[in-house]
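Hi,

Here is the structure I promised to send over. Have a look, then read my notes below.

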Amino acid sequence: MDIYLDHAASTPVREEVIQAMLPWLSEHPGNPSGSHRLAREARRAIDDARDNVAALVGADPGNVIFTSGGTESDNLAIDGVLGAKGGQAVCSATEHPAVLEPVRDSGGMIVPTDATGRIDLENLAALLDSIANISLVSIMMANNETGVINDLDMAADLIAEKSPGSVIHTDAVQATSWLDVAELSKKAHLISLTGHKFGGPKGAGALVLRDGVNLSPVIRGGGQERERRSGTQNVPAIVGLGEAARLIQDERSEVNKRVTKLRDKLENGLMKKISHTNCTVPNGTPRTPGIAHICFKDIENESLLFLLENQRIYASAASSCASGAQEPSHVLQAMGIDPKTAEGSIRFSLGRTTTEKEIECALEVIPKAVEQLREFG
Amino acid sequence: MARVMVAMSGGVDSSVAAALACESNNEVVGVTLRLWGGESDSGCCSVSDVDDARRAANALGIEHHVFNLGDDFEKHVVSPYVEAHSAGLTPNPCIECNRHIKFDRLLNRAKSLGFDKIVTGHHARVVKRKDGTSRIARAKDEAKDQSYVLYMLHQDQISSLHLPIGDMTKDQVREKANSLGLRVATKPDSQDVCFITREKGRADFLGKRIPLTPGRVIDENGVEVGQVEAIELVTVGQRRGMLLAGGKEPRYATNVNIETATVTVGTPDQLLVKKTEFRDPIWSEKKIKGEFLVQTSAHGKPKQASVEDGLLTWEEPHPRVASGQSVVFYEADQVAGGAIVV
């Protein structure tokens with residue numbers, strides 16, 4: 001039995017989603033930009049998906065821009081706003097590289113975080129006071145490595161007070177599964193999300209705008225998505241994204257309750273069974289239900305992941321780079337965690353399909369693997 | 001059935017080594033080390049090399065993992081390389097990588113993960129001796145022989161090592177890769193130091209990390225005969241790269257003084273020494289004294305010398321060996337030990 005504890009990397013595509021997508025892979029050839037009936041069918045399908053995504057985020061459907069996923073949405077938000085407005089971008093140190101890189105490349109500023117990895121509001125305030133031409137502030141809703149949730153409302157109030165012209169972007173990619181994105185993002189102007197983190201297919205995401213935000217396009221061409229993202233839409237994947245967005249809303253509270261219980265069981269079990277083991281995130285920090293981020297003392301996470309894989313348990317450490325190697329985590333570094341401790345940390349991420357039996361099995365396997373490595377080391 | 005971990009660089013040698021390990025009915029897992037995040041022509045570190053290794057592993061039907069030992073590589077290989085140049089020494093980063101990364105960190109990791117042996121694509125052989133000990137021996141392909149860079153291996157490391165391509169010529173390795181349909185069959189051999197690009201070179205790399213000092217070149221009488229752009233880049237025995245005025249005879253660096261930023265040049269005769277001091281000797285089994293064939297560079301011709309405590313006495317006068325270089329002691333074609341020149 002494969003025990004998949006890497007839902008924060010990608011989730012299994014839901015059966016309902018596959019069924020919704022299939023006709024758009026097999027029966028309907030139309031290009032949604034065309035004018036005939038088959039084209040209009042495709043157009044209707046993506047507009048239905050647009051309605052679902054708009055409802056999920058609490059936005060106007062006309063402000064949903066379909067993209068290829070989270071990275072493109074984040075890039076479009078930052079480069080698009082800077083392109084339209086000029087000025088400087090600001091983000092927090094624990095953002096995903098899809099935000100950090102464009103902010104850095106455009107000469108923007110990175111705000112340090114506190115020990116939980118949440119943006120430090122005093123630092124943010126000082127920065128907003130000291131720089132006049134800030135045009136965009138990007139603060140992720142929930143972190144991809146730790147699941148820690150930023151207080152977006154407080155940050156937004158601060159930004160509105162100190163830098164009223166600034167646009168607020170939030171990367172909600174890791175939050176969509178677990179949090180009421182519409183409620184939490186009501187003070188944000190741009191919201192990124194992607195389907196494969198909540199039961200949809202890879203290759204379809206969205207950048208959602210609030211009214212009045214101007215974006216200059218990054219990908220130019222045929223003028224699709226109201227001139228904001230050219231290129232023929234990935235109809236099957238967008239249909240899948242829409243279906244996943246529709247499904248997630250109704251069941252969120254039930255799934256959250258169940259997954260939180262399983263995650264607590266995993267965390268408490270690991271800490272009880274294995275000495276010198278603790279949760280990376282300080283107790284009481286607001287976080288999503290899905291992630292158990294654990295530090296095992298005197299362990300190299302690459303070795304532990306290797307042994308777990310042999311037992312068909314799949315997790316990850318920090319974020320993987322293009323080569324597939326584990327990279328030192330910029331998130332843990334921003335939290336002030338020393339490199340040695342960070343090297344012994346693993347992200348177990350649970351999802352809607354995680355079962356009690358899987359967690360029980362993981363609780364049998366992981367302690368043995370840690371013991372094997374510690375005995376040797 | 002043994003469990004073996006193959007260190008796969010993405011090159012043809014280690015890909016074929018992995019293939020041969022599979023043919024020997026082992027349980028084989030491929031591993032590529034990610035060691036260097038900076039610029040690289042090739043070698044062991046670039047994303048495209050990791051891709052090549054992954055593709056080779058896929059073609060062979062084995063699992064492939066990537067281990068990131070970049071911090072260790074920086075600490076044990078790159079930083080010491082820079083410091084050595086800064087101190088006027090001539091380092092060998094491949095030897096330090098073998099010493100600290102491949103046959104320390106990787107070997108230990110393999111053991112901790114339950115593997116019996118590691119396999120590499122080095123052109124060298126492991127030979128079993130009558131007394132039960134094992135040694136590194138020269139490869140069948142003399143031109144490709146890499147036994148020199150493996151001198152630091154102790155018994156316990158040698159006994160955990162399998163070198164399947166040591167009995168093959170490079171042509172045979174390429175033929176084998178070709179017959180298996182491996183894409184890397186025609187991939188060029190990696191050259192030089194993996195973290196330095198051919199285009200930008202050593203001076204560019206070192207110049208970003210340490211100040212480079214222009215130096216004076218003098219002859220044996222102390223008369224200034226030229227200049228060098230960076231004293232840190234001059235190695236004893238080197239001929240090129242110095243702007244020398246006049247003189248018909250080829251002249252070589254016979255001494256490098258980093259403190260005074262002075263290179264002394266002389267004729268080949270003036271480069272010759274009778275003795276060479278060494279430090280940090282390592283022996284395959286146990287310390288031995290006596291006559292050996294001693295090799296002073298990766299592809300240099302070995303020369304007869306007698307080895308005592310910290311001192312080599314050459315049978316025939318030998319060109320001076322730069323400080324920091326490794327000298328490797330051979331008995332016939334077997335590595336008995338090696339050390340670093342003082």
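Of the contacts in chain A with a separation of 6 or more, what share comes from residues 24 or more positions apart? They account for 70%. Two residues are in contact if their C-beta atoms, placed from the backbone, lie within 7 Å.

Some ground rules. This is a predicted model, where local features need pLDDT of at least 70 and side-chain atom pairs count only at pLDDT 80 or more, while totals for chains, interfaces and linings use all residues. Residues are numbered from 1 along each chain as its sequence is written, and chains are lettered from A, with ligands numbered from 1, in the order in which they are written.

Chain A overall

Chain A has 13 helices and twelve strands. These are DSSP runs, numbered from the N terminus: helices are H or I, at least four residues, and strands are E, at least two. The radius of gyration of chain A is 21 Å, which agrees with the value near 21 Å for a compact globule of 377 residues. That radius is taken over C-alpha atoms, and the globule rule is 2.2 Å times the number of residues to the power 0.38. Of the 377 residues in chain A, 53% are buried. Buried means that 20 or more other C-beta atoms, placed from the backbone, lie within 10 Å of the residue's own.

Two domains in chain A

Domain 1 covers 3–10 + 252–376, and domain 2 covers 15–248. The bounds come from an automatic or database domain assignment. The domain centres, taken over C-alpha atoms, are 27 Å apart. Where they touch, 24 residues of domain 1 are in contact with 24 residues of domain 2. On the domain 1 side, α9 (235–273), β10 (291–296) and α11 (330–334) of chain A each supply at least two residues.

A helix in chain B

Look at α3 (residues 70–86) of chain B. Helix α3(B) bends by about 30° at B:S79. The bend is the angle between axes fitted to the seven residues ending there and the seven starting there. A proline, B:P80, follows within four residues. The buried residues of α3(B) include B:F73, B:V77 and B:Y81. The buried residues of this helix pack against α4 (93–112) and α7 (201–207) of chain B. After α3(B) comes B:G88, with a positive phi near 80°.

Best wishes

Conventions:
Buried ≥ 20, exposed ≤ 12 C-beta atoms within 10 Å, placed from the backbone.
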